[in-house]
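Me: Got a model I'd like to talk through. Can you walk me over it, starting with one residue?

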Amino acid sequence: MSRIAKMPIPIPAGVQVEIQKSTVKISGPNGNLLQSYNESDVTIKMDNNEINVSPLGSSSHCRAMSGTMRSLVSNMVHGVT
C-alpha cells in the first residue's frame with residue numbers, strides 16, 4: 001500500500017464530510033467540494049473524525065489510486081477550511 005494512503009486525514013471542526021457510493025463531498029466555511037472516485041479501486045471510510053483511504057486490490061494501479069485519492073481528499077479538506 002502507498003505510504004501516503006496509510007496516513008489518516010484529520011477532519012477539523014466545522015468541516016462536514018459525506019461519503020456516498022462513488023463520491024466524496026466536503027463542506028466547510030470556505031465552500032463545498034465534490035470528488036468522484038472509482039469504487040473498484042479504493043475504499044474511503046470515515047471513523048472518529050478521520051478519513052481513511054485503502055486500496056481494494058493488490059495491483060499497482062489500486063495502490064497508486066489509493067495514494068492519489070488520499071492526496072485529493074486531503075487537499076479538499078484543506079481547501080474548505
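Me: Which strand does Ser27 lie in?
Reply: Ser27 is in strand E3. Before going on: this is a predicted model, where local features need pLDDT of at least 70, side-chain atom pairs count only at pLDDT 80 or more, and totals for chains, interfaces and linings use all residues. Residues are numbered from 1 along each chain as its sequence is written, and side-chain values use heavy atoms, with hydrogens and water left out.

Me: How are strands and helices assigned here?
Reply: They are DSSP runs, numbered from the N terminus: H or I of at least four residues for helices, E of at least two for strands.

Me: Ser27, buried or exposed?
Reply: Ser27 counts as buried, at 14% relative accessibility. Buried means under 20% relative accessible area, exposed over 50%, partly exposed in between (1.4 Å probe, protein chains only).

Me: What does Ser27 touch?
Reply: Leaving out residues up to four places away in sequence, Ser27 touches Gly14, Val15, Gln16, Asn32 and Val80. Contact means heavy atoms within 4.5 Å.

Me: What does the side chain of Ser27 do with Asn32?
Reply: The two side chains make a polar contact at 3.1 Å. That term covers a pair of N or O atoms within 3.5 Å; within protein, one must be able to donate a hydrogen and the other to accept it, and residues adjacent in sequence count only if both atoms are side-chain atoms. Asn32 in E4 is also the bridge partner of Ser27.

Me: How many bridges do E3 and E4 share?
Reply: Six, in the antiparallel sense, with E3 covering residues 23-28. Two strands pair if DSSP finds at least two bridges between them. A hairpin of two residues joins E3 to E4.

Me: What's the strand order in that sheet?
Reply: E2-E3-E4, an open sheet of three strands with antiparallel pairing. E2 (16-19) and E4 (31-36) are at the edges with a single partner strand each, so one side of each has no neighbour in the sheet. Neighbouring strands are turned by 10° against each other on average, direction ignored. Axes are lines fitted to C-alpha atoms, for helices over the stretch in contact, and angles run from 0 to 180 degrees between N-to-C directions.

Me: Which helix lies across E3 and E4?
Reply: H2, residues 60-80, running at about 170° to E4. H2 reaches 31 Å from its first C-alpha to its last over 21 residues, close to the 30 Å expected at 1.5 Å a residue. That expected span is 1.5 Å times one less than the number of residues.

Me: Which residues of H2 are buried?
Reply: Among them are Cys62, Ser66, Met69, Val73, Val77 and Val80. The buried residues of H2 pack against helix H1 (3-6), strand E1 (9-10), E3, E4, E5 and E6.

Me: New topic. Where is Asn48?
Reply: In the loop between strand E5 (42-47) and strand E6 (50-55). Asn48 has a positive phi of about 50° although it is not a glycine. Most residues other than glycine have a negative phi. Asn48 is exposed, at 74% relative accessibility.

Me: And what about phi of Asn49?
Reply: Also positive, near 60°. Asn49 sits in the loop between E5 and E6 and is exposed, with a relative accessible area of 56%.

Me: Zooming out, how many helices and strands does the protein chain have?
Reply: Two helices and six strands, running α-β-β-β-β-β-β-α from the N terminus on. Of the 81 residues, 31% count as buried.
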